[in-house]
Each structure stands twice: as C-alpha cells, then as structure tokens.
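Subject: Structure for your review

Dear colleague,

Please find the structure below, followed by a summary of what was found in it.

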Amino acid sequence: MEKNRAASDFLHVGNRLLEWYRNNARDLPFRQTKDPYKIWICEIVFQQTRINQGLNHYNNFVTRFPDVKTLAEAEENEVLLYWKGLGYYSRAINIHTAARQIMNNYHGIFPSQYEEILKLKGVGKYTAAAISSICFGGKMPAVDGNFYRVLSRLFADDFDISNSRAFAYFSELATLVMPDNVGDFNQAMMDIGSEICKPKNPVCGECPINEDCLAFSMQKVSQYPVKTKKVKAEDLALTYYFVHRNGEFLIQQRKDDFIWKKLFEFPTAITAEMEPFITGSKTITHKLTHKNLSIEIFKVEIDSEEVWNDFIAENQYMITDAQASHDKSFPKPLENYIQNSLKD
C-alpha cells in the first residue's frame, strides 16, 4: 500500500463516501439528533448488537432515561432491567457509573473534548471519537471493525488487525481519505461497512468507491482484512440449584468480579439436608464471546417449611416467583429456565 502519496490524492474517496451517505444514510432515530447523551447511548448499545436487534432496546432505554440526570439518579437494578436482552451487562453498569461521573465532575453537562469524553467509564477511543465528531465537530476518525475492513480492502493493506498497533495504524490511514465533515464521514464508514463492505458476501457492485478499491480491482476482496490472532474460547462449567416451594424460588445477585456482573442467579450450593429434595437436573450449553458454558441446574423442590426457612436465613437469599422475576435481570439461560421450569 502506498502511504507516501499526498493526502489530496485520496480525498476524493472520502468525498464520494459523503455523497453516498447523503443519499443512502440509514433512517435511524439517533441520526436525527446531535445530543451527545443519545449518541453515547446508541454507540454503547450497538457495540455488540446489530441495529435491527437493538433498536427497540435503544428506544425503550432513552424513553425511560432521557438524559444524564435521570440515568444518574436511577437505581442500578432498574438500569440493568432496561438493558435486559442486550447482553454484556457490564456496559449498563458502566454507563450508569459514567452518568454519575458527568453529574459529579462536569456539572451534568456532557463533556465536549475527546480527552474528557475518554475519561468516562466504559468509553473507549472509538466511542469518544464518534461522540466528539458527530456532536462537537471533532476531527478524529471513529475507527472500528468497519474502518478496518473498508480501509484494508480499499488499499489492499495486509496490516494485521489483531496487532496491538492496529487502531493507531488505521487511524492514520483513515486521515488520508477523511474530509472536513468528520462526523458524517464516520457515520458513512459505519453504514458502508454494515450495508455494502460486509465481512461476507460484500456488495462490491454497489460500492461508491469500488473504482478506487485495490482489493476489488485485484479480485482479492475476500483476503482482507488480515487477522491472524484468534482467541480460543474457554470451557467453563457452572452449577446452580433451582430451589422452589409453592410457586416461589430463591435467587441472589451476582457480584461484579466475573461474567454476568450484578445479574440475578439461583443458589450455587445447597446443604446436605436439602439433597433428598432434588427432583432432577438439566444441562444447558451457552456461548459467550470467549467462553463456552456448560450449566447444570438441579431442581430442588422443598416441601419442608423448616428446611426452606433455615436455608433462606443462613444464606440471605431473596424469594421471588415467575411473575415477579420479570422485574429482575437474569442471564439468558437462567431466564429461559425460569420460564419453562414451573410449567413442568
């Protein structure tokens, strides 16, 4: 890839992207605002969630928490509840913490400088650049997977995107094609990467910059981007006990030092006195980003009030039922189990 040519040699690429974006931008609710709070929430929601899957969640979240102050004053469990279905719940915990940062450190006003936005809990370089450019006219490319893919193919660049220097490398590369309107350029790159320059089966014939794309001209689009480092998923076994009596069951809240932070779960151990009440078990497999989970759930049907009360008192478990559990956030496998278990 030639990186020594004058930047002006590549600017027409960015301008073509802007023209394409003006005519083809996705009609999304957060595209109708420059409110940094809403741009921030949308960027966090869609980090790990496709637009069509997360749009209703985004709308519900900003309806309930329309501004920083409302979010900061909410209880953490309610924030987690409104994040329900999006997964990666640490994101919800982080935005709740960040909202309180904004209230305490910035007098409730969303910071406008990239360096200050980057100080918010859970905000990385990509998100800070996106908010800065879209809302405040910042001049930084919001480099993410879409940027890696589009730029790798555009320049037929084999720089390994799993390399620790990839963000800095492709940020520099992006400046070669980046026009003055960086906010729209960043959103154009998001849309072109999502709709046309897709990881698989890209629609190269509809791409507005295919005439400049070296990978396309060499018929090597599928070879880019280059990624050699693969993270092997860890196998993890979990054991739970669904302890129930008369339609009620016991739960506890997870700590924030492992997966499923602050979500609710079943007891993870029982006493010897309770073992005779085990009526069966079920093993569920579930995949997280870097973990393959094997979850064994023992069903414990208690008919002794004394055993029930002693277990609750000893461990301070909470009592709930199928209806009330809807107001709490559980990991998806446990939520599915609750929906089915009391029907058996």
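**Helix packing**

Y37, K38, I41, C42 and V45 in α2 meet G54, Y58, F61 and V62 in α3, where contact means heavy atoms within 4.5 Å and helices are DSSP runs (H or I, at least four residues) numbered from the N terminus. By class, this contact of α2 with α3 has seven nonpolar residues, one polar and one charged; Ala, Val, Leu, Ile, Met, Phe, Trp, Tyr, Cys and Pro count as nonpolar, Asp, Glu, Lys and Arg as charged, and the others, Gly among them, as polar.

This is a predicted model, in which local features need pLDDT of at least 70 and side-chain atom pairs count only at pLDDT 80 or more, while totals for chains, interfaces and linings use all residues. Residues are numbered from 1 along each chain as its sequence is written, and side-chain values use heavy atoms, with hydrogens and water left out.

Helix α2 (residues 36-45) and helix α3 (residues 51-64) pack at an angle of about 145 degrees, their axes being 10 Å apart. Axes are lines fitted to C-alpha atoms, for helices over the stretch in contact, and angles run from 0 to 180 degrees between N-to-C directions.

**Nonpolar cores**

The largest nonpolar core has 63 residues, and those with the most contacts inside it are W40, I41, F61, L71, W83, F266 and I297. A second, separate core of 38 residues includes Y21, L151, I192 and C197. Such a core is a set of buried Ala, Val, Leu, Ile, Met, Phe, Trp, Tyr and Cys residues joined through side-chain atoms within 4.5 Å; buried means under 20% relative accessible area, exposed over 50%, and partly exposed in between (1.4 Å probe, protein chains only).

**An enclosed helix**

Nine of the 10 residues of helix α9 (residues 145-154) are buried, so α9 is largely enclosed by the rest of the structure. Among these buried residues are F147, Y148 and L151. The buried residues of α9 pack against α1 (11-24), α10 (166-175), α11 (182-195) and α12 (214-217).

**Cysteines**

The structure holds zero disulfides, a disulfide being a pair of cysteine sulfur atoms within 2.5 Å. The sulfur of C135 is 8.6 Å from the closest cysteine sulfur, in C42, which is too far for a bond. Likewise, the sulfur of C204 lies 6.5 Å from the closest cysteine sulfur, in C213, again too far for a bond. C135 is buried, with a relative accessible area of 16%, and C204 is buried at 19%.

Yours sincerely

Conventions:
Helices (H or I, at least four residues) and strands (E, at least two) are DSSP runs, numbered from the N terminus.
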